[in-house]
Amino acid sequence: MARGAVHGRGTWSRIVPDGLWEIAEPLIPPSKVRPQGGGTQDTPDKTLFAAIIYVLVSGCAWRSLPPCFGISKSTAPRRFLIWSRAGVWGRLHEEILHRLDDADLLDLSRSVLDSAHVRAKKGGEHTGPSPVDQDKPGSKMHDLSGANGLPLLVGLSAANVHDSLALKPMIMGHQTRHDPHRGRHLKPQRLHADKAHDAPHLRKWLRGKRIGVRIARKGIESSERLGRRRWVIERTMSWLTGYCRLNHRYEHNPRNYLAFLGLAAALCCYKRLVRLTT
């Protein structure tokens, strides 16, 4: 395929859902002309955005990007790092959540918290011996979802870090993102979680936040206490791990893996927004 062919409507629509670029474009920082010259600044941001999504979906290495993108081996990963450090993916996810909220499609009558193990191929910060993978280096992806399974916030920790330690950061991170002083207050009414999150101080803390506690009690109730709520978070985890780049952690720097995870969460929410509004 010739250079620039990715701009064709058919190819583009298979990579980037219709309308997503219009939301993302205002969030992209201006490109800087490199002092050493070269054609990097000539690559359209729209093409780079598609290339990044292609890597997330396919799981391919940056150097294996198809030639149809017309991008050098270093351009796409460099721009990904720049945009990630600028917080593009988190703000994109937040903007889509706000659009869902405006359309009354965000159900916060309850939220569900869970995690999934991923093998960390290159090690790095936030990795540790995985108790479910023969102590091989791994990480955990954490997800806080609404009642309808839409990911509200994602996080990352080492595989040997106890799930309960993620509860406060995930709840506080969600509340900080949707600061009520900015006109949004998207606090869940109840939190469902399995018995790995059962701790008296966490129950007390949640009640202090006026969040109802629906956590299975150790030695008393099965994690099946989540009941019919359980499948919602399992489906969300399936959505996220459906993006091949997330199946294993190839990024030594945890911020890069978390950036891909944030983009995947944004895509999950956007696809639901399109489905429910068209």
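In helix H4, which spans residues 75–85, the buried residues are Thr75, Ala76, Pro77, Arg79, Phe80, Trp83 and Ser84. The model in which they are found is a predicted one. Cover for the buried residues of H4 comes from elements including helix H3 (45–58), helix H5 (88–102) and helix H9 (254–277). Just past the end of H4, Gly87 adopts a positive phi of about 75°. As a general point, an α-helix has 3.6 residues a turn, so residues three or four places apart point the same way.

**The chain as a whole**

Nine helices and seven strands make up the secondary structure of the protein chain. The chain has 278 residues, and 51% of them count as buried. Its accessible surface amounts to about 13,300 Å², with 51% of that area belonging to carbon and sulfur atoms. When contacts between residues at least 6 apart in sequence are considered, 66% of them join residues at least 24 apart.

**Helices H3 and H9**

Two of the helices that cover H4, namely H3 and H9, also meet one another: their axes come within 11 Å and cross at roughly 95°. Since an angle of 65 to 115 degrees counts as roughly perpendicular, H3 is roughly perpendicular to H9. On the H3 side the contact is made by Ile52, Ile53, Val55 and Leu56, and on the H9 side by Phe260, Leu263, Ala264 and Leu267. By class, these residues comprise eight nonpolar, no polar and no charged.

**Lysine 140**

Strand S3, covering residues 137–146, contains Lys140. Is this residue buried or exposed? Lys140 counts as buried because its relative accessibility is 6%, and the cut-off for buried is under 20%.

| Atom or group of Lys140 | Partner | Distance |
|---|---|---|
| Side chain of Lys140 | Side chain of Asp163 | 2.7 Å |

Beyond its neighbours within four places in sequence, Lys140 is in contact with Ser115, Ala116 and His117, with Gly155, Leu156, Ser157, Ala158 and Ala159, and with Val161, His162 and Asp163.

Terms used:
Residues are numbered from 1 along each chain as its sequence is written. This is a predicted model: local features need pLDDT of at least 70, side-chain atom pairs count only at pLDDT 80 or more; totals for chains, interfaces and linings use all residues. Side-chain values use heavy atoms; hydrogens and water are left out. Helices (H or I, at least four residues) and strands (E, at least two) are DSSP runs, numbered from the N terminus. Buried means under 20% relative accessible area, exposed over 50%, partly exposed in between (1.4 Å probe, protein chains only). Contact means heavy atoms within 4.5 Å. Accessible areas come from the Shrake-Rupley method with a 1.4 Å probe; for residues, only the protein chains shown count as cover. A polar contact is a pair of N or O atoms within 3.5 Å; within protein, one must be able to donate a hydrogen and the other to accept it, and residues adjacent in sequence count only if both atoms are side-chain atoms. Axes are lines fitted to C-alpha atoms, for helices over the stretch in contact, and angles run from 0 to 180 degrees between N-to-C directions. Angles under 35 degrees count as roughly parallel, over 145 as roughly antiparallel, 65 to 115 as roughly perpendicular and the rest as oblique. Ala, Val, Leu, Ile, Met, Phe, Trp, Tyr, Cys and Pro count as nonpolar, Asp, Glu, Lys and Arg as charged, and the others, Gly among them, as polar.
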